[in-house]
Each structure stands twice: as C-alpha cells, then as structure tokens.
Amino acid sequence: MSDLHTRMAALSTDVTAAVIARCGAEVPYYRDLPREVLDGEVARSVTAVHALLLRTLREGGGVRPGDLTRLIEWSARRAEERVPLEAVTAAYLVGAQEWWRSLTAAAEPDQLAEAGASLLTCLHTAMPAVVLAHQRAQEDLNSEDKRLRRALLTALLEGRPYAAPAEAAGVTVAEEHEVVAFSFDADPPTRLVQSSLDAHTGVPVLMDPVAGIALLPGRPDLPDLVATLARDAGSPLLAAAAPAADPAAVPAAAEEAGRVLDLVQRLGRPPGFYRLDDVLLEYQLARPGDALARLAAKLDPLAEHPYLLETLRLFVEHGHNRRQTALALSIHRNTLDYRLQRVSALTGLDLAVPAEARLLQAALTARELS
C-alpha cells in the first residue's frame with residue numbers, strides 16, 4: 001500500500017495537530033499542560049508513533065522489535081515524568097481514532113480492510129507493552145518514594161537532621177505531630193493502612209508498617225482515626241499516641257507511645273485508642289524493681305486458687321460492683337461474697353478497707369505485668 005503510505009504521510013502533520021487538540025480538550029492531564037509542552041514534547045511523541053504506523057503501511061506486518069523497544073522506553077519515561085497511565089492510554093486511543101479517521105478519507109475502498117487490520121495489529125502489540133512498561137516504571141518510582149520516605153521517618157524518629165531527607169522525599173515536615181504506635185489483630189495490607197491514614201489526614205502520612213508506627217501531622221482526631229482505620233482495615237487494633245510539639249520531640253513521643261502500646265498489650269486491654277493518661281498508674285507500676293515484685297507477691301497465696309484470682313480480677317474490672325461481678329461469673333451473690341472473703345483471708349488484705357482494696361488492685365496489675 002505504498003500509495004496509501006504516501007497519502008497518509010502527507011496528512012501526518014494534520015493528524016498530529018488533531019490528536020494534540022483532542023488530548024488538550026478531552027484528557028484532564030493534557031488539558032492542564034502548558035501550550036508549549038503540548039506543541040513541543042507531546043507533539044513529537046505523537047509524530048513518532050505516527051511514523052511507526054506509516055512504516056507498517058509501507059512495509060506491512062506489525063510493530064518491529066526495535067520500534068516496540070522505543071515505545072516501551074517512551075512509556076517508562078512518561079511514568080518517570082509522573083504522567084498518569086490513564087492519560088497515556090487515552091492519548092493512544094485518541095491517536096488511533098484520528099489515524100483511522102484520516103485513513104478512511106485517504107484509502108481506497110479495497111485498502112480499508114488491510115489498513116484497519118494493520119492498525120489493530122499495532123494496537124494489539126503496542127498497548128500491552130506500553131501499559132506493562134508504565135506500570136513497572138511506576139512500581140520502581142513508588143519503591144524509591146517509599147525508600148526516601150522511610151529514610152525521612154527514620155531521621156525524625158532518631159532525632160537526626162531531616163532537612164535533606166525531606167527535600168529528597170518531597171515532603172514538608174510539619175512542626176507538630178502525633179506519634180502513633182499501633183498493632184492490628186490481623187495483618188491488613190500495608191497499602192490499605194496507608195490509604196486510610198492518608199485519606200483521614202488529607203496528606204501522605206509517614207508510616208513504618210513493620211515497626212507499627214506513624215507520624216500524623218497536626219492534631220488529628222485520633223479516636224475517630226483509629227475507629228476509621230479499624231473499619232477500613234477490617235481488623236481491630238490497639239493504638240497508642242503521644243504528642244510532639246516540634247520535630248525534635250518526635251523520638252521521645254515515639255518512645256512514650258511504644259511503651260503505652262506495650263503496656264496495654266500486656267494488660268490485655270480491649271482494642272481502641274490509648275494515651276499515657278489512660279494507663280498512668282499501670283505505667284508507673286510497670287517500672288521494674290523490687291517494689292513491683294513484692295507488690296505482685298501479695299497475690300501469691302491465691303496462686304493455687306485460680307478461681308479466686310479470676311473473681312478478684314472481675315470484681316476490680318466491674319468497679320467493685322457485686323451484682324455485675326456475680327452476673328459475669330454466673331454465680332450467686334452469696335457465692336461471690338464467700339469467694340471475696342476467701343481472698344481477704346488468704347492475702348491478709350480486706351477488700352472492705354479502701355486502702356487495702358487499692359493495694360489488692362495494684363497487686364493484680366503488678367501480677368499481670370510480671
């Protein structure tokens with residue numbers, strides 16, 4: 001079809017102009033580009049693809065390996081320039097439509113079937129390769145982005161200079177943060193957790209899913225965020241947070257949040273959000289030393305009577321409410337009273353005396369921690 005090749009070659013400039021005009025009008029990404037970029041780099045790319053299509057008209061067959069290599073290279077370059085894949089595929093389809101429109105005007109009736117088959121063959125070969133190359137380049141970019149963001153997060157958590165990592169990652173570090181340590185019952189996909197945090201805060205959140213820690217800029221509504229995160233991830237979680245008034249305070253806040261999370265895990269607290277103030281007494285009791293061991297030893301006389309330990313634990317959990325405790329244990333109130341009397345007799349601490357009741361409660365916490 002050498003004559004059709006000649007006619008289409010003469011129309012190449014018009015076809016390129018039509019593709020550029022439609023992309024600028026119909027495809028959001030291209031619509032936002034400066035006119036000089038559309039008429040320059042984008043027009044050159046369209047012209048190059050038309051050259052490949054012209055070659056197939058002249059020589060027959062599909063896209064040659066060398067041409068396919070160039071298409072893959074261009075697609076990877078577009079990905080590196082952060083051109084969305086949907087914009088790339090839209091541009092190819094607009095180009096195919098304009099090419100076909102010109103073909104129908106330039107070809108003889110007996111040439112259309114072969115010319116159409118040639119166009120479809122090119123698209124069948126080129127499009128999967130272009131999409132795959134773009135996706136692989138995007139994955140490489142995402143991996144590099146993640147590496148840079150992890151480096152920035154590490155610098156902040158370790159109290160090291162962070163200006164250079166922030167610039168490399170393209171992140172503006174906020175002055176104030178909430179440092180959140182978290183642990184899910186299950187292991188939801190990292191991308192799902194990241195997306196939920198980003199959507200809730202409205203900015204990309206620095207997060208290390210392995211260490212289970214995230215830096216949330218500003219002062220977000222953390223109880224609501226944790227509830228949303230649990231819903232989005234489909235898994236309950238324990239989360240603890242500490243505020244950092246400036247980036248220099250991030251390491252200390254991370255340490256506090258981590259200790260609170262460890263504490264509520266050891267205490268078997270239910271899923272939800274915790275701060276230091278929620279476990280202040282337990283936090284102090286958790287400090288290792290002879291006092292903690294001696295406090296826990298107050299309950300040693302109950303070691304051979306696990307049902308008494310369980311009764312004491314539920315009695316404390318229900319705020320010393322005998323009715324609710326009896327219901328939780330499925331026993332009669334008289335049986336509960338007998339068990340509590342046994343606890344007092346074995347430990348030498350009377351639950352009816354407020355100071356001794358507080359000591360028993362503290363001893364129960366110390367025993368759970370140890």
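**View A. Phe-184 is buried in this predicted model, with a relative accessible area of 13%.** For Phe-182, which is also buried, the relative accessible area is 11%; here buried means under 20% relative accessible area, exposed means over 50%, and partly exposed lies in between, with a 1.4 Å probe and protein chains only. The model is predicted, so that local features need pLDDT of at least 70 and side-chain atom pairs count only at pLDDT 80 or more, whereas totals for chains, interfaces and linings use all residues. Residues are numbered from 1 along each chain as its sequence is written, and side-chain values use heavy atoms, with hydrogens and water left out.

The structure contains two aromatic pairs. In one of them, the ring centres of Tyr-29 and Tyr-30 are 5.3 Å apart and the ring planes stand at 85 degrees, so the arrangement is edge-to-face. Tyr-29 is partly exposed, at a relative accessible area of 25%, whereas Tyr-30 is buried, at 7%. The rings of Phe-182 and Phe-184 likewise form an edge-to-face pair, because their planes are at 70 degrees, with the centres 5.9 Å apart. Rings of Phe, Tyr and Trp (for Trp, its six-membered ring) pair if their centres lie within 6.5 Å, and planes under 30 degrees apart count as stacked, over 60 as edge-to-face and the rest as tilted.

**View B. Helix 13 (residues 306-317) packs against helix 16 (residues 354-369) at an angle of about 115 degrees, with the two axes 11 Å apart.** The two helices are therefore roughly perpendicular to each other, and helix 13 passes helix 16 in a left-handed crossing. On the side of helix 13, the contact is made by Leu-309, Leu-312, Arg-313 and Val-316, and on the side of helix 16 by Leu-360, Gln-361, Leu-364, Arg-367 and Glu-368. By class, the residues of this contact divide into five nonpolar, one polar and three charged.

Glu-310 also belongs to helix 13 and is partly exposed, with a relative accessible area of 32%. Its C-alpha atom lies 8.9 Å from that of Leu-329, although Glu-310 and Leu-329 are 19 residues apart in sequence.

Terms for this view and the next: axes are lines fitted to C-alpha atoms, for helices over the stretch in contact, and angles run from 0 to 180 degrees between N-to-C directions. Angles under 35 degrees count as roughly parallel, over 145 as roughly antiparallel, 65 to 115 as roughly perpendicular and the rest as oblique. A crossing is left-handed if the near helix is turned anticlockwise from the far one by less than a right angle, and right-handed if clockwise.

**View C. Helix 3 (residues 35-59) and helix 6 (residues 109-157) cross at roughly 130 degrees, their axes coming within 10 Å.** Helix 3 and helix 6 are therefore oblique to each other, and their crossing is right-handed. Leu-53, Thr-56 and Leu-57 of helix 3 meet Ala-115, Ser-118, Leu-119 and Cys-122 of helix 6. The residues of this contact comprise five nonpolar, two polar and no charged; Ala, Val, Leu, Ile, Met, Phe, Trp, Tyr, Cys and Pro count as nonpolar, Asp, Glu, Lys and Arg as charged, and the others, Gly among them, as polar.

**View D. Glu-175 is found in the loop between helix 7 (163-169) and strand 1 (177-184).** Helices (H or I, at least four residues) and strands (E, at least two) are DSSP runs, numbered from the N terminus. Glu-175 is exposed, with a relative accessible area of 52%. Apart from its neighbours within four places in sequence, Glu-175 is in contact with Ala-244, Ala-245, Asp-246 and Pro-247, contact meaning heavy atoms within 4.5 Å. Ala-248, 73 residues apart from Glu-175 along the chain, has its C-alpha atom 9.3 Å from that of Glu-175.

**View E. Arg-82 has a phi near 70 degrees, a positive value in a residue other than glycine.** Arg-82 lies in the loop between helix 4 (65-80) and helix 5 (85-106), where it is partly exposed at 47% relative accessibility.

**View F. Ser-330, a residue other than glycine, has a positive phi, near 60 degrees.** Ser-330 is located in the loop between helix 14 (322-329) and helix 15 (333-347), and it is exposed, with a relative accessible area of 66%. The C-alpha atom of Ser-330 is separated by 75 Å from that of Pro-34, these residues being 296 residues apart along the chain.
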